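This briefing walks through one protein chain. Keep the sequence and the 3D view open while reading.

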Amino acid sequence: MDEDDTLLCVLCQRSEQTKITGALSTKDDVTAHQNCLLFASALICRNTPQFDDLFGFSVEDVLNEVKRGRQLTCNKCKKRGATAGCEVGRCKKSYHYPCAVEERAEIVEDVTKEKYVLYCYKHYPKTQGHNELTTPESLMQMGFDRNRAEMAVAITGNQGIELAMDWLKVHENDPGTDEPVGNVVGGAAVTQSPTDEPSIADPAEGKEEADTTIKAI
Ligand SMILES: [Zn+2]
Ligand SMILES: [Zn+2]
Ligand SMILES: [Zn+2]
């Protein structure tokens, strides 16, 4: 290969050095981005001083990873050499590292544990996030409307999303299930008392308040 003019990363075949890819480093005619190395699924950083000009990776390891990547098609650009795979074992999604970032994969870096993994957008473990969804919220994300979702959760005693979903499936076509939870009569399993709910503020009230604030100023 006559690519002496432009150095290309052996892992992603790109030459630009960006915030995403990190810097390029070359050793023994092997050039790679720091992040492409870190996130290549089968590459382990050996951190031995003699390898330090490839960010702690051994040239041999990198070449083996390139070989492995020849079988792997990138989910984003459809080219081969996709060595950055989704951390979920059964998931077959692989990317070039920069492609993964462009595809909005979730990047998880744990520098202290030297753990660099990515999850395709489907598999990011949401429980790690700050905004864990409540059961009704999860149901709403699945397309159920709020009243039904809340009622299903209340009636099944908040025993988990599966029970609530079963209930929703069974009662899908029930008339009256679009009524708010508070109006449900009967059903011994209803644990949520309507008084727990903060009353929804009358929009008119809000307006009045706003007006007085303005006057006060
Ligand atoms: Zn690269
Ligand atoms: Zn790609
Ligand atoms: Zn995945």
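In the hairpin of strand 1 and strand 2, which residue takes a positive phi? The residue is D28, with phi near 45°. The hairpin leaves 2 residues between its strands. This is a predicted model. The protein has 217 residues, and 28% of them count as buried. Its secondary structure comes to 7 helices and 6 strands.

**Overall layout**
- The elements run β-β-α-α-β-β-α-β-β-α-α-α-α from the N terminus on.
- Among contacts with a separation of 6 or more, 41% are between residues 24 or more positions apart.

- Strand 1 covers residues 24-27, and strand 2 covers residues 30-33.
- The two strands pair in the antiparallel sense, over 4 bridges.
- Within this pairing, S25 stands opposite A32 of strand 2.

**The nonpolar cores**
- The largest nonpolar core has 30 residues.
- Within it, C36, L37 and Y97 touch the most other members.
- Three elements each supply at least two residues of this core: helix 1 (34-39), helix 3 (97-102) and strand 6 (115-119).
- Beyond its neighbours within four places in sequence, Y97 is in contact with L11, C12, T21, N35, C36, F39 and A84.
- Another core, of 10 residues, lies apart from the largest one. Its members include A152, V153, A154 and I161.
- As a general background, nonpolar side chains in soluble globular proteins tend to be buried together.

**The segment before strand 1**
- Both Q13 and R14 are found in the segment before strand 1.
- Q13 is not a glycine, yet its phi is positive, about 60°.
- Leaving out neighbours within four places in sequence, R14 is in contact with L8, C9, T21 and P98.
- R14 and A32 are 18 residues apart along the chain, and their C-alpha atoms are separated by 9.1 Å.

**Helix 2: one buried face**
- Helix 2 spans residues 59-69, and its buried residues are V62, E65 and G69.
- Why do these buried residues line one face of the helix? Seen down the axis of helix 2, they fall within an arc of 60°, so they line one face.
- The general rule is that an α-helix has 3.6 residues a turn, so residues three or four places apart point the same way.
- E60 and K67 are exposed, on the other side of helix 2.
- Strand 2 and helix 1 are included in what covers the buried residues of helix 2.

**Helix 5: mostly covered**
- How many of the 10 residues of helix 5 are buried? The count is 8, so by the cut-off of 20 or more C-beta neighbours within 10 Å helix 5 (residues 146-155) is mostly covered.
- The buried residues of helix 5 are R148, A149, E150, M151, A152, V153, A154 and I155.
- The buried residues of helix 5 pack against helix 4 (135-141) and helix 6 (161-170).

**Helix 5 against helix 6**
- The axes of helix 5 and helix 6 come within 8 Å.
- They cross at roughly 115°, and the crossing is right-handed.
- On the helix 5 side, R148, A152, V153 and I155 take part in the meeting with helix 6.
- Their partners in helix 6 are A164, W167 and L168.

**The loop after helix 5**
- G157 follows helix 5 and has a positive phi, near 70°.
- N158 is found in the loop between helix 5 and helix 6.
- Phi of N158 is also positive, near 55°, in a residue other than glycine.
- N158 counts as partly exposed, because it has 17 C-beta neighbours inside 10 Å.

Notes
Residues are numbered from 1 along each chain as its sequence is written. Chains are lettered from A and ligands numbered from 1 in the order in which they are written. This is a predicted model: local features need pLDDT of at least 70, side-chain atom pairs count only at pLDDT 80 or more; totals for chains, interfaces and linings use all residues. Two strands pair if DSSP finds at least two bridges between them. A nonpolar core is a set of buried Ala, Val, Leu, Ile, Met, Phe, Trp, Tyr and Cys residues joined through C-beta atoms within 7 Å. A residue is buried if 20 or more other C-beta atoms lie within 10 Å of its own, exposed if 12 or fewer, and partly exposed in between; C-beta atoms are placed from the backbone. Two residues are in contact if their C-beta atoms, placed from the backbone, lie within 7 Å. The arc is that of the directions from the helix axis to the C-beta atoms. Axes are lines fitted to C-alpha atoms, for helices over the stretch in contact, and angles run from 0 to 180 degrees between N-to-C directions. A crossing is left-handed if the near helix is turned anticlockwise from the far one by less than a right angle, and right-handed if clockwise.
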